[in-house]
Amino acid sequence: FRLLSQDLEGLQLCLACRSMRRAQAARSALLASHPAAQVALLQVDTSSISSVIAAAREVKLRYNRLDYLYLNAGIMPNPQFDVKAFFKGLFSSRIVSMFATGEGILTQKDGVTPDGLQDVFATNLFGHFLLIRELEPVLCHAGRTSRLIWTSSSNAHRSAFDLDDVQHRRGARPYSSSKYASDLLSLALNTRYNKQGLFSSVTCPGFVMTNLTYGILPSFPAVLWTLLMPVFWLIRMFTNTFTLTPYNGAEALLWLFKQKPESLDPQAKYHSFTSGLGNNYTLPRKMDIDVETSDALFEKLLRLERDVREKLKERAEESQYPCRT
């Protein structure tokens, strides 16, 4: 919506969504406010290897180049909410950090995809990585730049990430691990692709009230959030991370759209902020990442990519030449 409101001549949007029903609803809403907009739809499920490859194939058939690729698919499945810690933090000096990062009050129970990958890892990180790899022909062109813009989180913590367990099979904080890994991956992508004109940046929307946020308290009555909203608005007077609405949370996404990628810091996360008076702005904050770890993660993802492609090839051969008895 905010991109269309910029009145950019020739802008073509493609909404890549898992649910086509929700995609159609989003497209209809955009066209209702911007009837002349060019808004296409594409079905993709980043947790599915075959879906990502099929979607990338479709993109390459439709477009000969992509200028911007926003990477914001993400899940936090089966959140386990510590009610006691929540109310204890609500009346402590930790309240801002608790809401902004979820640290100390949230864990998740992960699942496994049909491809044998951890669900959060596949959806939030690996599916995006594979999509980028598949779209290299339309992202990398000599003489012009293209942009990757990730939606990360202030919940991205080094303490949740283990280079020896990048899928977070043994932990209880897969969401935090996946978001920290996306921060690392963005740095690695810049190291490898900047010379080909492809630049990667990371954003944080702040604390936004979305379906994912509401889903954190599935057993709580909806009225609880209504009662908490005045508290959130009050907190905003003392901290700028409580953006609260998707419109405000998208500030950094829009700001990056307008910047020259060469001027951006590859080790900074660009945060959406909202002042107590409701003014939106963007500021960079250094990420707790390093080149060595980002390179190591990239190599592990490359090896995993080779493995999943080999398995897809084997499946295709088995379906083509089934065993006969």
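The following legends describe close-up views of a predicted model.

**Figure 1. Strand β8 and its pairing partners.** Strand β8 spans residues 268-274, and seven of its seven residues are buried. A268, Y270, S272 and T274 point one way from the strand, whereas K269, H271 and F273 point the other way. Strand β7 (residues 198-204) runs parallel to β8 and is joined to it by three bridges; within this pairing, T203 stands opposite Y270. Strand β9 (residues 280-286) pairs with β8 in the antiparallel sense over seven bridges, and here T274 stands opposite N280. Five residues lie between the strands of the β8 and β9 hairpin, in which G278 takes a positive phi near 90 degrees.

**Figure 2. The largest nonpolar core and the surroundings of F126.** This core has 48 residues, and those with the most contacts inside it are F126, L135, L139, L148 and L185. Among the elements that give two or more residues to the core are α5 (119-134), α7 (174-193) and α12 (291-320). Apart from its neighbours within four places in sequence, F126 is in contact with I49, L117, F121, L301, L304, E305 and V308. A second, separate core of ten residues includes L13, L30, V39 and L254.

**Figure 3. Salt bridges between separate parts of the chain.** The structure holds 18 salt bridges. In one of them, the side chains of R18 and D45 meet at 3.8 Å, N to O. R18 belongs to the loop between β1 (12-17) and α1 (20-33), and D45 to the loop between β2 (38-43) and α2, 27 residues apart. R18 counts as partly exposed because its relative accessibility is 49%, whereas D45, at 18%, counts as buried. The side chains of D288 and R158 also form a salt bridge, at 3.2 Å, N to O. This pair links the loop between β9 and α12 with the loop between β6 and α7, 130 residues apart.

**Figure 4. The D265 and K286 pair.** The side chains of D265 and K286 meet in a salt bridge at 2.7 Å, N to O. D265 lies in the loop between α11 (251-257) and β8, and K286 lies in strand β9, so the pair ties together parts that are 21 residues apart in sequence. D265 is partly exposed at 28% relative accessibility, while K286 is exposed, with a relative accessible area of 63%.

**Figure 5. A nonpolar surface patch.** L234, M237 and F238 form a nonpolar patch on the surface, and together have about 390 Å² of accessible area. F238 is located in the loop between α9 (222-236) and α10 (246-249). F238 counts as exposed because its relative accessibility is 71%.

Notes. Residues numbered from 1 in each chain as written. Predicted model: local features only at pLDDT ≥ 70, side-chain atom pairs only at ≥ 80, totals over all residues. Heavy atoms only, no water. Patch = residues over 30% accessible without salt bridge, like charges linked within 9 Å, V, L, I, M, F, W, Y side chains within 5 Å. Areas by Shrake-Rupley, 256 points an atom, 1.4 Å probe, with all protein chains shown as cover. Salt bridge = Lys/Arg side-chain N within 4 Å of Asp/Glu carboxyl O. Helix = DSSP H or I, 4+ residues; strand = E, 2+ residues; numbered from the N terminus. Buried < 20%, exposed > 50% of the residue type's maximum accessible area, 1.4 Å probe, protein only. Pairing = 2+ DSSP bridges. Core = buried A, V, L, I, M, F, W, Y, C linked by side-chain atoms within 4.5 Å. Contact = heavy atoms within 4.5 Å.
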